[in-house]
Amino acid sequence: MPIGIDVEEKKRKLKNNVLAFARRYFSSHELDHLAAITDPEIQRQEFLKLWTLKEAYVKALGRGFSAAPFNTFTIRFRSPITKEKSKLLKVSDNKVPDIAVEPVDNLSTLTSNCQFALLDLANSHYAAICMETAKHIEGNPMNVIVRRTIPLVEDEEITQL
């Protein structure tokens with residue numbers, strides 16, 4: 001089945017203001033989510049998480065950035081984000097966050113039948129995985145094994161989701 005993966009460096013800097021960039025590429029819901037965050041660093045981190053999830057989604061669709069414009073769909077956390085309840089998985093966690101995708105204006109070229117995982121890798125990168133949910137496994141979470149590998153030297157399983 002189709003799968004999309006994207007990894008972004010957490011320290012990645014943006015040339016423009018986060019909200020100016022988000023206005024160009026994100027849905028109104030995502031823009032509202034970011035605008036509600038007053039701390040610039042947390043806002044930048046949330047932007048990167050959304051961007052990583054959106055990249056994974058278009059890759060799972062088998063399309064590039066321009067073929068499925070980012071503002072034609074919304075990444076939505078099904079329950080509100082609070083300080084106590086982050087939607088980001090540490091590689092030691094074993095629970096998949098509740099993330100959904102919703103096409104804007106019911107576009108028939110997009111699907112909302114997806115599962116997502118959002119990971120924090122070694123406190124240096126965000127990784128997003130998007131997989132279309134097949135009818136025969138609907139309701140079952142994706143199985144993800146995270147490994148740290150140094151080719152020909154070391155291969156260690158860090159966690160299994």
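Biologist: What makes the contact of Glu8 with Arg12 a salt bridge?

Modeller: The closest N and O atoms of Glu8 and Arg12 are 2.7 Å apart, and a salt bridge is defined as a side-chain nitrogen of Lys or Arg within 4 Å of a carboxyl oxygen of Asp or Glu, so the pair qualifies. This is a predicted model, in which local features need pLDDT of at least 70 and side-chain atom pairs count only at pLDDT 80 or more, while totals for chains, interfaces and linings use all residues. Residues are numbered from 1 along each chain as its sequence is written, and side-chain values use heavy atoms, with hydrogens and water left out.

Biologist: How do you know whether Glu8 is buried or exposed?

Modeller: Glu8 has a relative accessible area of 11%, and buried means under 20%, exposed over 50% and partly exposed in between (1.4 Å probe, protein chains only), so Glu8 is called buried. Arg12, with a relative accessible area of 26%, is partly exposed.

Biologist: Which other salt bridges can you describe, and how many does the structure hold?

Modeller: The structure holds 7 salt bridges, including that of Glu41 with Arg44, whose closest N and O atoms are 2.8 Å apart. Glu41 and Arg44 both lie in helix H3, 3 residues apart, about one turn of the helix, where helices (H or I, at least four residues) and strands (E, at least two) are DSSP runs numbered from the N terminus. Glu41 is partly exposed at 39% relative accessible area, whereas Arg44 is buried at 10%. Another salt bridge joins the side chains of Glu102 and Arg76 (2.9 Å, N to O), and this pair links distant parts of the chain, with Glu102 in strand E4 and Arg76 in strand E2, 26 residues apart.

Biologist: What does Tyr57 touch, and which residues have the most contacts inside the largest nonpolar core?

Modeller: Not counting residues up to four places away in sequence, Tyr57 touches Phe73, Val101, Leu110, Thr111, Cys114, Phe116 and Cys130, where contact means heavy atoms within 4.5 Å. The largest nonpolar core has 32 residues, and those with the most contacts inside it are Phe26, Leu34, Phe47, Tyr57 and Phe116; such a core is a set of buried Ala, Val, Leu, Ile, Met, Phe, Trp, Tyr and Cys residues joined through side-chain atoms within 4.5 Å. Helix H3 gives the most to this core, with 9 residues.

Biologist: How is the protein chain arranged along its sequence, in helices and strands?

Modeller: The protein chain has 3 helices and 8 strands, following the pattern β-α-α-α-β-β-β-β-β-β-β along the sequence. Among contacts between residues at least 6 apart in sequence, 60% join residues at least 24 apart, and buried residues make up 44% of the 161 residues in the protein chain.
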